[in-house]
Amino acid sequence: MLRAEGLTVSLGGRPVLSEASLTLAEGEFTALIGPNGAGKTTFLRSVLGLQPLAAGTVRVAGRPPDQAHDLVGYVPQRHEFAWDFPVTVHGAVLSGRTKKIGWLRRPGRTDRQLVAEAIDRAGLGELRGRPVGELSGGQRQRVLVARTLAAEPRLLLLDEPFTGVDVPTQELLTELFRDLAGEGKTLLMTTHDLAHAAAVCSRIVVLNRTIVADGPPESFADPEVLLRAFGVRASSGLRAAAGDGR
């Protein structure tokens, strides 16, 4: 579903990615983990075709990013959405189908059905008429996920989807993401939380400008992998979590 080869990016003369390569198959739920500044969001933007590359190639189902917009869904971090815009939950989720519908066309029966299904899957059924500005942080995160699902993507890019959300939202989204992977969707989720990634994902990829390690959660029992990626001390809680296999 995704083949990124040798991605190299510099921003303001500073190297952000260096020959980072990753291949994902259908149905994989993968965590892209690394410290702040490791290039995780830049990697997602490169896959989306929003970040110019100094070197490397990206293919989604064999297509370059500019020809794969209909295949890729992106869930940004919450601060990237204009929550003060006067729109309801239904309107925000419907906006995820704009590219499918077209700017000058009204949504049809299929569009309305897909939006309703996405709202329900994200646990927002009772809130569909509420203005998004009145929602809690966890509810807003679910709106972003539903908005992406409404576009029927085959590859979902999730940028820190669990940051700052409550436990019920974490549990709902975890179950939803696992269900989507079971349906054959491919999910790539950035995070800095190794313990949570190991609990919910089938694969972990460690990024620190380049791919440092890649494997199933149980392959990270050796904390030296994380020492190389994060530069943590031997006494770090992160190292302890890895050593315990959590």
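**View 1. Salt bridge between R203 and D214.** In this predicted model, the side chains of R203 and D214 form a salt bridge, with an N to O distance of 2.7 Å. The pair connects distant parts of the chain, 11 residues apart: R203 belongs to strand β8 (residues 203–208) and D214 to strand β9 (residues 210–215). R203 is buried, at 12% relative accessibility, whereas D214 is partly exposed, with a relative accessible area of 42%. Through salt bridges that share partners, E28, R203 and D214 are joined into one network.

**View 2. Salt bridge between R97 and D111.** The side chains of R97 and D111 meet in a salt bridge of 2.7 Å, N to O. Because R97 lies in the loop between α2 (89–94) and α3 (98–101) and D111 lies in helix α4 (residues 109–121), the pair ties together parts 14 residues apart in sequence. R97 is buried, at 5% relative accessibility; D111 is also buried, with a relative accessible area of 11%.

**View 3. Salt bridge between R3 and E5.** The side chains of R3 and E5 are joined at 3.7 Å, N to O, in a salt bridge. R3 is partly exposed, with a relative accessible area of 42%, and E5 is partly exposed at 38% relative accessibility. The structure holds nine salt bridges.

**View 4. Packing of helices α5 and α6.** Helix α5 (residues 137–149) packs with helix α6 (residues 167–182) at an angle of about 15°, their axes lying 10 Å apart. The two helices are therefore roughly parallel, and α5 passes α6 in a left-handed crossing. Residues making the contact include G138, Q141 and R142 of α5 and T169, L172 and F177 of α6. The contact residues comprise seven nonpolar, three polar and one charged.

Notes
Residues numbered from 1 in each chain as written. Predicted model: local features only at pLDDT ≥ 70, side-chain atom pairs only at ≥ 80, totals over all residues. Heavy atoms only, no water. Axes fitted to C-alpha atoms, helices over the stretch in contact; angles between N-to-C directions. Helix = DSSP H or I, 4+ residues; strand = E, 2+ residues; numbered from the N terminus. Parallel < 35°, antiparallel > 145°, perpendicular 65-115°, else oblique. Left-handed = near helix turned anticlockwise from the far one by under 90°. Contact = heavy atoms within 4.5 Å. Nonpolar A, V, L, I, M, F, W, Y, C, P; charged D, E, K, R; others polar. Salt bridge = Lys/Arg side-chain N within 4 Å of Asp/Glu carboxyl O. Buried < 20%, exposed > 50% of the residue type's maximum accessible area, 1.4 Å probe, protein only.
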